Amino acid sequence: MACPNPLYHIWFFNTQRANLYYLTFIAILCSFFYLIGLWTHSTTITIPITSSSAAGAATQCSLQPLIATRSASIALDFRAHHMAADPPPTAARALRLPPCDAKLSEYTPCEDAKRSLKFDRYMLIYRERHCPEPSQVLKCRVPAPHGYTAPFRWPESRENVWYANVPHKWLTFEKKKQNWVRFEKDRFKFPGGGTMFPNGADAYIDDISRLINLKDGSIRTAIDTGCGVASWGAYLLSRNIVTVSFAPKDTHEAQVQFALERGVPALIGVLASIRLPYPSRAFDMAHCSRCLIPWGQYDGLYLIEVDRILRPGGYWILSGPPINWEKHWKGWNRTQQDLKAEQTGIENVAKSLCWKKLKQKDDLAIWQKPTNHIHCKINRKVFKKPQFCQAQDPDKAWYTKMDKCLTPLPEVSDIKIVSGGTLAKWPERLNSVPPRISEGTLKGITAETFTENTELWKNRVAHYKTLDYQLAEPGRYRNLLDMHSYLGGFAAALVDDPVWVMNIVPVEAEINTLGVIFERGLIGTYQNWCEAMSTYPRTYDFIHADSVFSLYKDRCDMEDILLEMDRILRPEGSVIFRDDVDYLVKIKSILDAMQWDSRIVDHEQGPLQREKILLAVKQYWTAPAPQEGKNAS
């Protein structure tokens, strides 16, 4: 048997004594803290609000004194006290952008009749654009007239417009004998007539097509000056010719508004002292049917402007006074000498522009612009006026004064070459590389850029149609606006739908691409979105806004742009915004105040893209019936 180790007993005894000391120390420490706790809770402690706390109170921060007593039970409060007070319940729904007065249902800010009276009547300057100062811009939503109804669908809309939408009967009396428009029960009927085509626009266009070829696709874009109710443009659409119709806001009340309600492209405009808002070489054909424009006056200034916007080889068509004056002079209540002098003046101006008179048959006369200026430069020795313009941008056309000089065509090396390049015929023209791009006149835009952009927008529009089922529904929309068009890819992707698109190139855009859009066989205009557009309220069924608000950052108030979009969009019309998410969040907050329905969705490439899409729909509302008071219904 082994003997026990005496060292083990010594170690065991020392360990027990150490544990006893440790337990005693712990007991003393606990007693000490217990006594301190009793002492602390036996005294009332108050934390006063110091000067810094008072400063916090000025910012609505609430700091409550901390009070505890021996007898009171302590209730723990985990609520945050350093926060601003909640707004009152009604503040979140308060309308910052209320409805305008019902009398403003047809308000056009830059063509306001009262404001225009302050300007010179010479050359109709007072009928040009005169926009309100920033302090005069209305901060309200323009109402639709009481009883407003969604327009007829195309092509029925070509012949029918609801009276409630354009409640003006004046033209039905003024133009009764000219077959412009008739009033029947609750609607206007448009039989397609005009002052110079009482048998209808179709028959009139047939007369033109016997003189020039309207069928082979060489003529795609047209402009109608002094358009009336735009029947000429309306009936050209069935022949694959798209027309920009314009007329001033004058005594022929609502003529452009009728055109838009019919689903026909139109703008408020006038030939006065500034250039028309289109680039050079834009239109294949220009038309005037008794438009009352003094073509031979002011040294031929207005024909010089038509020459600027006509493409090489383009046509100018004139019907009405003074054409065929020998037959009509009595009905026009003018003397033969006066009418003969007017026609002679027009003929002389046309010759000075190097135009060739192709035909004059019955009430129609047609001139053609040369395809280049080789001969025209030589004959400046014969025609002293107009001389060729020097050092000017022919595409600059936003508040740009007209010049009494001839816009030179791009240089060519041979008389058979078309200046600026030959355009493909429609429909190949749509996706062919435009000459302005193929010839390298637009910095940084190549044929590859154009092709990629065309494919990009085909995919984007297909994606849009999955988000907005109304865009995908044929016939639901007719009048479309693209607020920042670039190369016109959005409109090109919709060319097979029963719609037309007004393509806008903002004057602030880095590159002026509107000429490319016209070379594709599409239409458009210039616009500064810090100002109102030259159109009536409720023009468009759908608006596309791609990077508009990032372009106009720090240029003007976002709220003003959105109010203008509200003015020109029909009730229950839609908008697709595409922009950086930060802008879209701000836009949505303003749309909520405008009582639109809206939602932000991801970019088609997924949620990791900063660029997002905002879908918005304007709610249906109208001005009240007269007996209902002043609030919008």
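A: **The lining of the largest cavity**

Strand 13 gives 3 residues, the largest share of the lining of the largest cavity (strands are DSSP runs of E, at least two residues, numbered from the N terminus). The model is predicted, with local features needing pLDDT of at least 70 and side-chain atom pairs pLDDT 80 or more, while totals for chains, interfaces and linings use all residues. Residues are numbered from 1 along each chain, and side-chain values use heavy atoms, without hydrogens or water.

Strand 6 (266-268) and strand 13 (523-527) are the elements that give two or more residues to this lining. In total, 22 residues line the largest cavity, and Arg129, Ile268, Gly269, Pro277 and Ser534 lie nearest its centre. A cavity is a set of points on a 1 Å grid where a 1.4 Å probe fits but cannot get out, and lining residues have an atom within 4 Å of a point.

The volume of the largest cavity is about 300 Å³ (the space filled by probe spheres set on the points). Residues lining the second largest cavity include Arg275, Glu305, Arg308, Cys389, Met402 and Asp403. Its lining divides into 5 nonpolar, 2 polar and 4 charged residues.

As for confidence, the protein averages a pLDDT of 88 (the predictor's confidence in each residue, from 0 to 100), and 86% of the residues score at least 70. Over residues 6-13, however, the pLDDT is below 50, and the pLDDT is also below 50 over residues 43-73.

Methods
Contact = heavy atoms within 4.5 Å. 1 Å grid on protein atoms, 1.4 Å probe; cavity = no way out; pocket = protein on both sides within 12 Å on 5 of 7 lines; lining within 4 Å. Helix = DSSP H or I, 4+ residues; strand = E, 2+ residues; numbered from the N terminus. Nonpolar A, V, L, I, M, F, W, Y, C, P; charged D, E, K, R; others polar.
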